[in-house]
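Colleague: Please take a close look at one strand for me. I would like to know how it sits in its surroundings and what lies next to it.

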Amino acid sequence: MKYTILILVGLAGVKLFGQIPSVSSGKIVRLESFPSDYVNPRNVDVWLPANYDTGGAYAVLYMHDGQMLFDATKTWNGQEWKVDETVSRLLQEGRIRDCIVVGIWNDGEYRRSDYLPQKALGYLPDELSDSITRTMLMGAPRGDAYLKFLVTELKPFIDTRFSTRTDRINTFIMGSSMGGLISMYAICEYPEVFGGAACLSTHWFGAPLSWNKRVPEAYIKYLAEHLPDPAHHRLYFDYGTETLDKHYAPYQARADEVIRSAGYDDSHFMNRKYTGDAHTEAAWAGRLKVPVVFLLGRK
């Protein structure tokens, strides 16, 4: 049975209160309306495992769309990733290292602006790039600003407030759909910060499917020129075969070619196809353990 924990802690510039997701194990610390010089303020939910100890040291998994991760009774579609259940079970089984999960809420109307790999627009004709920016990105891409928020504002706060391992080999990022795109972008733009990225049901179109198919090729060209050193990074991708996911296979295959050509072998790269899975939180919850173990598995 799930239970709700409300934690109130006074921290300069940050309020920790509000309606906290119920979790099956561990507890949630809510950073409400976390301030930023780069993006709009947003809630951040930090999940701490049941054995969390301030004297310990924990790897950190940063996840996008934070309001969808823990509690289906508080999501718009009644679904969740079941992060607390899955990570708790893997910890109890000794399959992954000690970790916490930082769920960064999306900003609603600016989600596409925040999650689109900004520099990939440079691989498109100016007319197409301008059209995407005007009609889809609320007038301006914000992917670079969003990553600056994560790396220069949120991560330092998390590392100060919680007992974390701050190095690259213990810092990971994960998301689905456009959250998959920005996770890929994050490890390419900040390879010194993130040691691994998991990109579930990556929305290679980054736009409605009716848009010009040069858009996914732009992301793949960006990826080819910015992949981090495979010796020090891990990449996970997956996709289903239903709803939006049924369109991804050819683009994921192209990305696989690029990643393999850059020297990634099976110990540093994984791509999984899940027959029958749709583009939903329920599907991602069902396979979450795979990328979590791939990124955080004990050596």
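**Strand β3 and its sheet**

Modeller: Start with burial. Of the 8 residues of strand β3 (residues 27-34), 6 are buried, so the strand is largely enclosed by the rest of the structure. Buried here means under 20% relative accessible area. Keep in mind that this is a predicted model.

Next, the partner. β3 pairs with strand β4 (residues 42-48). The pairing is antiparallel and spans 6 bridges. Within it, valine 29 stands opposite valine 46 of β4. In a regular strand, side chains alternate between the two faces of the sheet.

Now step out to the whole sheet. It is open and has 8 strands, in the order β3-β4-β6-β5-β7-β8-β9-β10, with mixed pairing. β3 and β10 (269-274) stand at its edges. Each has a single partner strand, so one side of each is left without a neighbour in the sheet. On average, neighbouring strands of this sheet are turned by 15 degrees against each other, direction ignored.

Follow the order one step on. β4 also pairs with strand β6 (residues 99-104). These two run antiparallel, joined by 4 bridges. Valine 44 has isoleucine 104 in β6 as its bridge partner.

Glutamine 67 lies between β5 (59-63) and α1 (83-92). A polar atom of its side chain lies 3.0 Å from the backbone nitrogen of asparagine 106. Leaving aside neighbours within four places in sequence, glutamine 67 is in contact with Thr75, Trp105 and Asn106.

How values were computed:
Residues numbered from 1 in each chain as written. Predicted model: local features only at pLDDT ≥ 70, side-chain atom pairs only at ≥ 80, totals over all residues. Heavy atoms only, no water. Buried < 20%, exposed > 50% of the residue type's maximum accessible area, 1.4 Å probe, protein only. Pairing = 2+ DSSP bridges. Polar contact = N/O pair within 3.5 Å; in protein donor to acceptor, adjacent residues only side chain to side chain. Contact = heavy atoms within 4.5 Å. Axes fitted to C-alpha atoms, helices over the stretch in contact; angles between N-to-C directions.
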